[in-house]
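Here is a short briefing on a predicted model. Look at the structure first, then work through the points by topic.

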Amino acid sequence: MTDISQTPDTTPVAKPKGSLFDKDARTKRRNAAEGRFKLYGIAAIGIGLLMLVVLVTKIVTAGTGAFQQSFLELSVELKEDKLDKKGNRNIEDIKKVSTFGYAPLISAALEAEVQKLGIQTDLKPKGMGKILSKATQADLRNYVIANPDEIGNTVSFRFLVNSRVDGYMKGRVTRESIANDKSISVPQLDLVDQLRDAGVLYKTFNPDFIFGSDASDQRPEAAGIGVSMLGSLFMMLVVLALALPIGVAASIYLEEFAPQNRLTDIIEVNISNLAAVPSIVFGILGLAVFINYMHLPTSAPLVGGLVLTLMTLPTIIISTRASLKAVPPSIRDAALGVGASKMQSVFHHVLPLAAPGILTGTIIGLAQALGETAPLLLIGMVGFIASNPPDGIVAGFLSPNSAMPAQIYEWSKRADPAFYERAWGGIIILLIFLVTMNTIAVILRRRFERRW
Amino acid sequence: MALSWLLLILLALAVIGYFAGRSRALASADGDARALHSLPSYYGYNVALTALIPALGILIIWLLAQPLIVENTVSGMIPDTAISEGSDRGLVMSEVRRVAYGLDGAIASGLLSEAQARNADADVQALTQSLKDAGQVLTQDISKPILLAAQKYRGITSTGSIAMQMAVLIVALVGAALAYIRTHKEFRARNVVEQGILALLLLAASIAILTTVGIVLSMLFETMNFFQLHSWKDFFLGSTWAPNFRGGSELSILPLLWGTLYISLVALLVAVPVGLFAAIYLSEYATGATRSIAKPLLEILAGIPTIVYGLFALLTVGPALVSLFGDGGALGLGWMASSNAVLTAGLVMGIMLIPFVSSLSDDIINAVPQSMRDGSLGLGATKSETVRQVVLPAALPGIVGAILLAASRAIGETMIVVMAAGAIAKFSGNPFEAMTTITTRIVSQLTGDTDFASPETLVAFALGLTLFIITLGLNIFALYIVRKYREQYE
């Protein structure tokens with residue numbers, strides 16, 4: 001302000017010659033500055049939105065591939081003399097045949113298919129077999145164990161192909177890019193082309209990615225996020241069961257009962273500070289207290305849930321207090337006026353009216369907890385291969401598991417680029433959950449929010 | 001008896017207590033609820049809560065304290081001779097625990113009888129073998145003192161848990177009985193119950209304090225252990241970060257702090273101008289419709305989990321920067337060797353912080369009284385002049401506070417730097433080089449096989465404590481500024 005008043009124009013303003021709408025040089029300059037300033041603002045918002053668009057586009061383009069998988073459909077003869085030598089269909093005897101016992105069957109099936117389709121290739125059967133995933137034998141074995149009656153028959157079975165072949169089908173791997181790649185060769189890709197043209201090798205929706213379990217780093221094509229989704233679910237149950245009641249109780253105390261004293265001040269300062277503590281510090285707390293001191297099992301969703309509870313509590317307390325505050329005092333006065341105690345007025349009248357707001361805050365807190373990764377690194381939920389779904393509810397809380405963001409991080413560290421596609425796909429699933437939760441929160445707020 | 005059974009019994013006791021208390025109260029008033037001091041259900045709640053709450057309290061305290069007591073007793077009875085060279089008491093204790101759990105597991109699977117497990121003269125080799133047969137994980141063969149300690153450990157633990165169950169049940173029963181006897185129509189049940197609930201509410205509110213105390217204590221103890229093993233001078237004043245699990249590590253926080261601050265600075269250089277201009281545009285220029293679309297869209301950026309930003313940095317921004325600045329890149333500069341770099345992490349963190357800066361500054365700019373704008377516009381200033389010379393100076397303290405909060409976020413951010421910043425600790429001003437941060441090192445020192453007796457692991461707690469203090473300091477300072485500023489215009 002002072003700038004303007006202290007620097008009067010040294011050059012006396014020329015007598016207006018024409019219309020008032022003719023702008024002099026200084027006005028033009030000022031207006032140009034105004035335009036530029038406004039442009040900076042638009043540019044800033046543009047940059048922010050552009051980043052959002054780039055991020056979302058990247059996630060969608062890189063991740064959708066994970067929901068599709070290439071399969072090779074072959075007719076396999078389940079030879080009785082190989083799989084059930086005694087011929088009595090005893091499940092224990094069938095289980096004795098290891099995955100190696102299934103390899104010749106698959107190899108023979110592939111060879112037969114290639115011959116049947118009249119495909120010319122210089123590859124030996126072993127070389128042909130390399131286009132298949134390392135998981136195929138185990139898959140077939142599981143199928144036979146589940147359906148022992150099929151032994152002796154010829155069944156049509158959908159085999160996973162190697163991640164490189166899958167990448168080739170999706171356009172990620174090209175003939176140029178495999179020059180130094182030992183796991184696939186050009187003749188094999190020729191074979192893949194012909195099998196694809198014949199229609200036995202095709203790409204289709206892959207439910208195993210969503211519901212399946214993680215696989216070792218040799219078999220990206222078999223990896224799924226299902227088991228770690230369960231891990232996240234159990235963690236969220238812990239968070240919900242602890243953070244909601246504790247958070248609501250704490251907010252009720254602070255908002256309705258707390259006297260103005262030192263203790264209340266300390267609590268309030270603590271809550272606002274905890275909201276800003278880096279999440280990794282909560283991980284250190286979890287490691288030191290829950291695992292080293294209390295000897296709770298490492299990598300267990302229970303421990304993850306406890307850590308995330310402590311982390312989400314401030315969020316829930318802050319939003320709950322806001323919605324309690326929004327209930328007008330007249331409600332409390334009316335309840336007190338007809339003889340209710342303070343406690344009754346809160347629990348019978350204020351709390352139900354604040355419930356939608358509390359729920360909204362809780363859902364947002366849960367969404368935050370669902371996407372959090374850093375504390376989970378320290379309590380061992382990363383690096384664990386979530387290969388089996390937990391058996392039973394108690395095991396779900398106590399047996400080691402991963403969680404969705406931890407699983408994504410784990411995939412991002414592995415060497416095979418096929419896992420990156422999995423990681424982006426995992427992010428799509430994670431974001432679908434987050435968007436759903438936030439939408440529910442917004443709808444709740446819109447539907448039940450009350451203006452007093 | 002498992003914990004879940006104990007809890008079920010307590011719950012059942014509480015439910016029975018509720019109905020017993022209620023009917024006793026009604027009976028004392030000859031079935032006329034109007035003669036009671038409180039509503040009949042309050043008499044029931046009184047009995048139920050008196051049974052439940054003290055018992056649960058004892059249960060929790062006992063569960064927390066027992067491991068500590070058992071640990072101390074057992075570790076006292078391990079002779080120094082049993083601790084081999086290069087090992088220490090902590091490692092031996094974890095072996096003892098493993099053996100004890102192994103014995104439990106073997107008994108549960110029926111391979112050992114309780115008597116065999118308790119036999120102090122048992123053949124150590126045979127026992128090792130049978131534990132291995134039972135599929136229990138043992139790192140080494142059991143030695144005599146370890147076996148004795150493990151048996152003692154099991155003994156104390158099982159006596160302890162029986163004693164705990166007895167204590168909890170007795171307290172619950174006594175509580176229920178006392179409350180039941182006191183139940184009478186003159187008894188002020190509602191007041192008592194409400195007092196109890198108020199205490200519970202206070203307890204819930206105090207968890208915030210407990211968490212802070214837990215954070216500080218857990219890190220403080222391990223940090224003190226660390227400073228006994230490693231000189232504090234090297235930690236605070238050294239110049240090299242070179243952990244070496246064979247000993248002789250140099251563990252100085254300074255290079256890590258430099259990396260952290262440098263990356264945060266890059267992030268703020270991105271986030272502050274963009275966020276601030278976005279806030280100015282949204283609050284001063286944008287129409288209601290634009291604002292209602294652009295603001296939530298920008299805030300989506302704040303709701304995206306950091307793992308997504310980490311992956312974005314690792315797989316998209318990093319390679320893109322290398323293809324611009326790297327060897328044979330589009331600009332032909334050859335400055336950037338790998339996609340892990342200060343710039344990668346800083347840029348992506350900056351994107352993450354844009355909505356944080358913009359929504360905080362937006363609030364602050366909106367808090368500047370309209371009369372100040374009107375005054376300036378009335379004197380003939382243009383809108384941008386008003387913003388630059390009136391609104392921004394008035395909002396400056398608040399904006400500084402917002403920037404400090406964003407800085408504290410950046411310093412404590414983990415996933416982006418873990419995935420995109422690199423692992424090399426050094427003092428360098430080159431933003432195209434990989435550098436490492438405090439949070440990255442905490443993660444790498446505490447994941448995988450950790451040995452809580454080596455300075456290389458314990459240093460993570462010292463780093464964590466430093467990080468906690470830095471971010472806490474920044475937050476308190478920023479909140480103080482913001483609050484002071486808000487008061488100015490209220």
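UniProt, in an unreviewed entry, annotates residues 39–60, 229–254, 274–294, 300–318, 350–371 and 423–444 of chain A as "transmembrane region".

**Annotated spans in chain A**
- Residues 39–60 of chain A are 100% helix and 0% strand. The end C-alpha atoms of residues 39–60 are 31 Å apart.
- Residues 274–294 of chain A are 76% helix and 0% strand. Their end C-alpha atoms lie 22 Å apart.

**Paired strands in chain A**
- Strand 1 of chain A covers residues 68–77. It pairs with strand 3, residues 201–205 of chain A, in the antiparallel sense. Five bridges join this pair.
- A:Phe71 has A:Tyr202 of strand 3 opposite it.
- Strand 1 of chain A also pairs with strand 2 of chain A, residues 154–160. This pairing is antiparallel too, over seven bridges.
- A:Leu74 has A:Phe157, in strand 2 of chain A, as its bridge partner.

**Annotated spans in chain B**
- Residues 256–282 of chain B are 100% helix and 0% strand. The end C-alpha atoms of this span lie 37 Å apart.
- Residues 337–357 of chain B are 76% helix and 0% strand. Here the end C-alpha atoms lie 32 Å apart.

Definitions and conventions:
Residues numbered from 1 in each chain as written. Chains lettered and ligands numbered in written order. Predicted model: local features only at pLDDT ≥ 70, side-chain atom pairs only at ≥ 80, totals over all residues. Helix = DSSP H or I, 4+ residues; strand = E, 2+ residues; numbered from the N terminus. Pairing = 2+ DSSP bridges. UniProt positions renumbered as here; feature names shortened; annotations may be inferred.
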